[in-house]
Amino acid sequence: MSDLILRNVNKIYPNGVQAVFDFNIDIEHGEFIVLAGPSGCGKSTTLRMIAGLEEISSGDLIINGKRVNDLAPKDRDIAMVFQNYALYAHMTVYQNLAFSLTIRKVDEDEKHRRVMQAAEILGLVPYLNRKPKQLSGGQRQRVAVGRAIVRNPFVFLLDEPLSNLDAKLRGTMRKELMTLHNRLNATFIYVTHDQIEALTLATRIVVMSEGRVQQIATPKEMFDNPENLFVAGFIGTPPMNFCYGRVTKDGYFISKEAFPQATEEYKAMSEEEKDKVDKEFIKNNELAEKALACKVKVSKEKFELLKSQGYINRDIVMAIRPEYVCLEEAKLKENADAIFDCEIELQEMLGSYYLLYTKYMDNNVIAKVDVRDVRGKLGNVKLCFDKDKMHFFDAQTTRRIRPEEYVGIKEEK
Ligand code: ADP
């Protein structure tokens, strides 16, 4: 049985703002679920509904087999760690850790045992007599986590707990949280706007945008197979490159400049008519000729997929991660029919790799290349797309083109 279930959960604030739309998830025991997305997408609202700090407008929240929509926060068997720590300034670390047990009238021996256990797990034993202001940011964060641990809850809820720490300390605390999660073998639900935290901590990530779940998947699945352009642009730094265009029936991706606009009238035409209009469009059109000249071949497998789903000659987005826009000889050789000429507008050295900023026609493209492949300042170069690493999305719906989905009209023959 799942530890925690959200079923068709919606949240409409009294002012009419709908912050969460139809949220559904089954969370198993021991999972580390990260709710991720840009500011305002509804992550905190979702967490606060689970905590009982916000009313659920409709839908069901089930914790450990029991519907808890109407239970007070203290009766929900959850503990929450806040971004601002919420420590009591006038109490010592020991008293802060013990506080929730004191108000629950846990007996003294048991209370002491649990406080000491949490302090040991978190390395807080030397600081038990200090007040919060005598602690570093990281130590305060540990006390805030410790206050949740002593409660021994069924589910831990964490709302951007690392956002007040500097970058280096965040890295350290991230590792501590992972160790803690393994050690406690508890269920964690964690909110962040930071996709790196999501990728490193989560067993599953939930990406949200404008109150709606975009995808729920393991970090690897989300990185390798983003469900739509939003997720593709959110997960990974720098994000995927998006190139707008079409794949033609001879298996090439060509940038959008080579095609007339796909108006309703155009869409209604037969293939022959479209061919005619396309040819007419290219005549005396320099930009279109240029786009044709830098067409790139699509792998056989991806071409078959596009064909089977009816996406030949339709507006699509070819997306590719910067890691797979390549400069090195071996890759250029391997992808000889997916090479394009370009000018490097900016190159950034980031230790072991460079980020090269360029354009594929009008599409901004970033390449992430090994320092060993870059000699001095680059000007005009040849880059290639690694054909096996291209992703394709429907330009209109922004959804990933998947084999199991049939969208649009299948090509004849
Ligand atoms: P996130 O945590 O992803 O930054 P929130 O869950 O805090 O997003 O907010 C989601 C949306 O709900 C936002 O548009 C925000 O302005 C709105 N919102 C949050 N709290 C309230 C509130 N108490 N009353 C009205 N609207 C709110």
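Let's start with a sheet: four strands form an open one in the order E2-E1-E4-E5, with antiparallel pairing. E2 and strand E5 (66-67) stand at the edges with a single partner strand each, so one side of each has no neighbour in the sheet. Keep in mind that this is a predicted model, where local features need pLDDT of at least 70 and side-chain atom pairs count only at pLDDT 80 or more, while totals for chains, interfaces and linings use all residues. Residues are numbered from 1 along each chain as its sequence is written, and side-chain values use heavy atoms, leaving out hydrogens and water.

A few words on terms. Helices (H or I, at least four residues) and strands (E, at least two) are DSSP runs, numbered from the N terminus. Two strands pair if DSSP finds at least two bridges between them. By that naming, the protein has 13 helices and 21 strands.

**Inside the sheet**

| Strand pair | Bridges | Opposite residues |
|---|---|---|
| E1 (residues 4-12) and E2 (residues 18-27) | six, antiparallel | Lys11 and Val20 |
| E1 (residues 4-12) and E4 (residues 58-63) | five, antiparallel | Asn10 and Ser58 |
| E4 and E5 | two, antiparallel | Ile62 and Arg67 |

E1 and E2 also make a hairpin with five residues between the strands, and there Gly16 takes a positive phi near 95°. In general, strands of a sheet pair through backbone hydrogen bonds, either parallel or antiparallel.

**Two helices side by side**

How are helix H4 and helix H5 packed? H4 (residues 137-149) and H5 (residues 167-184) meet at an angle of about 20°, and their axes are 11 Å apart. Axes here are lines fitted to C-alpha atoms, for helices over the stretch in contact, and angles run from 0 to 180 degrees between N-to-C directions. H4 and H5 are therefore roughly parallel (angles under 35 degrees). Their crossing is right-handed, meaning that the near helix is turned clockwise from the far one by less than a right angle.

**Rings and charges**

Now for the side chains with rings. The structure holds nine aromatic pairs (rings of Phe, Tyr and Trp, with its six-membered ring, whose centres lie within 6.5 Å; planes under 30 degrees apart count as stacked, over 60 as edge-to-face and the rest as tilted). One of them is Tyr88 with Phe99, a tilted pair at 4.7 Å centre to centre and 55° between the planes. Tyr88 lies in the loop between strand E6 (78-81) and helix H2 (93-103), and Phe99 in helix H2, so the pair ties together parts that are 11 residues apart in sequence. Tyr88 is partly exposed at 29% relative accessibility, and Phe99 is partly exposed at 24% (buried is under 20% relative accessible area, exposed over 50%, partly exposed in between, with a 1.4 Å probe and protein chains only).

Elsewhere, ring pairs link Phe32, Phe156, Phe188 and Tyr190 into a cluster. Arg314 lies over the face of Tyr311, 4.3 Å from the ring centre, and Lys368 does likewise with Tyr353 at 4.4 Å (NZ of Lys or CZ of Arg within 6 Å of the ring centre and within 35 degrees of the ring normal).

**The whole protein**

Buried residues make up 50% of the 413 residues. The C-alpha atoms fill a box of roughly 85 × 50 × 35 Å, taken along the principal axes.

Key
Angles under 35 degrees count as roughly parallel, over 145 as roughly antiparallel, 65 to 115 as roughly perpendicular and the rest as oblique.
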